[in-house]
Amino acid sequence: MDDRAAIAPTLPRLNPSSSYWQDPPHRISTHRTSGELPESVSTIIIGSGITGASIAYNVLDKPGTSSVLMLEARTTCSGATGRNGGHTKAASYRAFLDNLRDLGEEEAAKITRFENRNIKAVHTFAREHRIECDSWEGDTVDIIYDKGQWNRAKKAVSEMKRILGEKDPAAQYKFHDTSETAEKFLTEGALGSVSYKAGSINAYKFVIGILEIALMKGLNLQTETPALRINRFGDDRSRWTVETPRGSIRADRVIMATNGYTAYLYPPVKGIIVPLRGTVAAQRPGSKMPKEGLNTTYSFIYGNGYEYMIFRPAGSMFAGDLVIGGCSTKAPEEGLYEWGTTDDSAMDPDIGQYVRDSAAGYFGSHWGEDDPDGRIRKQWTGIMGYSSEGFPLVGKAPGEDNLWIAASFQGSGMVLCFLTAKALVTMMDGEENEEFNNWFPRAFRMSEGRLKHVFQGRLHEKAPMDLELKASFEPQLGTKECTIQS
């Protein structure tokens, strides 16, 4: 992993795989507000995904805001946000025990509540601003096949209810045994499952909606204009110059909303924020799947990894389609070579095949025959960003003035980015106070110390050994331990 983490990221590839969400592309996909770049602006935001778009909205929503320029290397929202799996799902219990151990009760609870509020804020914003983005809120279920993961889930939810309170919205989970899981969720061979509230959304359309509002408020959006370098402006340590192939722009402040690509522009985070390529497929459901479609989203959790899956809601394009992703540990060496790459034009063949086969494997006899037009509608990859501690890095670049960062969202951008953008703008405006500290996790904040942590790979996946050992002495809910065959 050390060798993979040390790879320097490149600029985004010019020929990425075609994402389901970006087909057809929106009319502002290649938007340039002006034919020429301005010589000088107040604020430059690099990146047009959910983080960059939400930062732009929050900056421009303040009275008296001066010029804001957004640079996008490719087309609008062509990075991770426009290439994701469509979930707005926190699964906060999965990391809760680790956060409790490492950060304490108060911070673990704050992270859990933050994730819960962020999901609600995303859907509320879409609804209040009438953004047509297939926003759906409902139930999700985690189907669990591993004894250690099952015990860990039980313990985590118990601790969440103790610390947050039995009635806290962020601590509401329901467990289902083997037979109920098979009957209710149409899956076979699981130890059990846990259900809770979540949602799904077309994140591409959501971000386009935010950007259209920002454009009306004065945003200058420049697509196909990669930031090549960020330099100090002469001897002035508080101003910056951003170089692009179309010329350089001076700015009073620069914000990097560049997630897995951040180390290309800001080398101090090389090996701290590490890219990971993810694989997703949109599939037509099998002939025996419910004709009215599924009514819950899914994750499928095993010993060293998981898959996640949504259904496309009624009224959306290709309603009933299943969008499934994950499977990164199914490649040789548990997907080691997916780390450190920024190539979303390619796909690992083993992971690609597993993604194509996994939904039919999980639903088993409930799947039936593939659709006459074929199982796969589209398959693509995208680049995520992971940090050494498993948290975003948000705040001012250490030792610099007016250089800001909001990146490394651990493959959970729809659970973290929207309110993180609001938090970053609060920091930039110097408005941090007790109320702010009560809702924004301290663990997310950028610091010099965080640049010294050794990268460990994706966290919170494997159950700790003590839980695995305890599991071997506990009932297996009337079923054998399962491995999924595709």
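Cys77 counts as buried because its relative accessibility is 1%, where buried means under 20% relative accessible area, exposed over 50% and partly exposed in between, for a 1.4 Å probe and protein chains only. The model is predicted, so local features need pLDDT of at least 70 and side-chain atom pairs count only at pLDDT 80 or more, while totals for chains, interfaces and linings use all residues. Residues are numbered from 1 along each chain as its sequence is written, and side-chain values use heavy atoms, with hydrogens and water left out.

**Overall form**

- The protein has 13 helices and 17 strands; these are DSSP runs numbered from the N terminus, with helices being H or I of at least four residues and strands being E of at least two.
- The radius of gyration is 22 Å, close to the 23 Å that the globule rule gives for 486 residues, so the protein is as compact as a globular protein of that length. This radius is taken over C-alpha atoms, and the rule is 2.2 Å times the number of residues to the power 0.38.
- Along the principal axes, the C-alpha atoms fill a box of roughly 70 × 50 × 45 Å.
- Of the 486 residues, 60% count as buried.
- Helix α2 (residues 50-60) is mostly covered, as 11 of its 11 residues are buried; among them are Ile50, Tyr57, Asn58 and Leu60.

**Backbone features**

- Cys77 has a positive phi of about 50° although it is not a glycine, and this residue is found in the loop between β2 (68-71) and β3 (87-88).
- Asp134 also is not a glycine, yet has a positive phi of about 55°. Asp134 belongs to the loop between α4 and β4 and is buried, with a relative accessible area of 18%.
- Asp23 and Pro24 are joined by a cis peptide bond with omega of about 5°; Pro24 is found in the loop between α1 (2-5) and β1 (40-46).

**Aromatic rings and charges**

- A search of the whole structure finds 29 aromatic pairs. Rings of Phe, Tyr and Trp (its six-membered ring) pair if their centres lie within 6.5 Å; planes under 30 degrees apart count as stacked, over 60 as edge-to-face and the rest as tilted.
- The rings of Phe125 and Phe418 form an edge-to-face pair, because their centres are 5.3 Å apart and their planes stand at 65°. This pair links distant parts of the chain, with Phe125 in helix α4 (residues 105-128) and Phe418 in helix α11 (residues 413-428), 293 residues apart.
- Phe125 is buried at 8% relative accessibility, and Phe418 is buried with a relative accessible area of 11%.
- The rings of Tyr306 and Tyr308 make a tilted pair, since their centres are 6.4 Å apart and their planes are at 50°. Tyr306 is partly exposed, with a relative accessible area of 23%.
- Phe114, Phe391, Phe436, Trp439, Phe440 and Phe444 are linked into a cluster by ring pairs.
- Lys422 lies over the face of Trp439, at 5.9 Å from the ring centre, and the charged end of Arg377 sits over the ring of Phe318, 3.7 Å from its centre. A charge sits over a ring if NZ of Lys or CZ of Arg is within 6 Å of the ring centre and within 35 degrees of the ring normal.

**Pockets and cavities**

- On a 1 Å grid over the protein atoms alone, a cavity is a set of points where a 1.4 Å probe fits but cannot get out, and a pocket is an open set with protein on both sides within 12 Å along at least five of seven lines; lining residues have an atom within 4 Å of a point. Grid points are joined across faces, edges and corners, and a volume is the space filled by probe spheres set on the points.
- The largest pocket has a volume of about 360 Å³. Its lining has 20 residues, of which His26, Glu132, Asn202, Lys205 and Ile208 lie nearest its centre.
- The second largest pocket holds about 310 Å³ of space, and α4 gives the most to its lining, with 5 residues.
- The structure holds 2 cavities of 30 Å³ or more, and the second largest cavity has a volume of about 50 Å³.
- Residues lining the second largest cavity include Tyr93, Arg94 and Ile301; α5 gives the most to this lining, with 4 residues.
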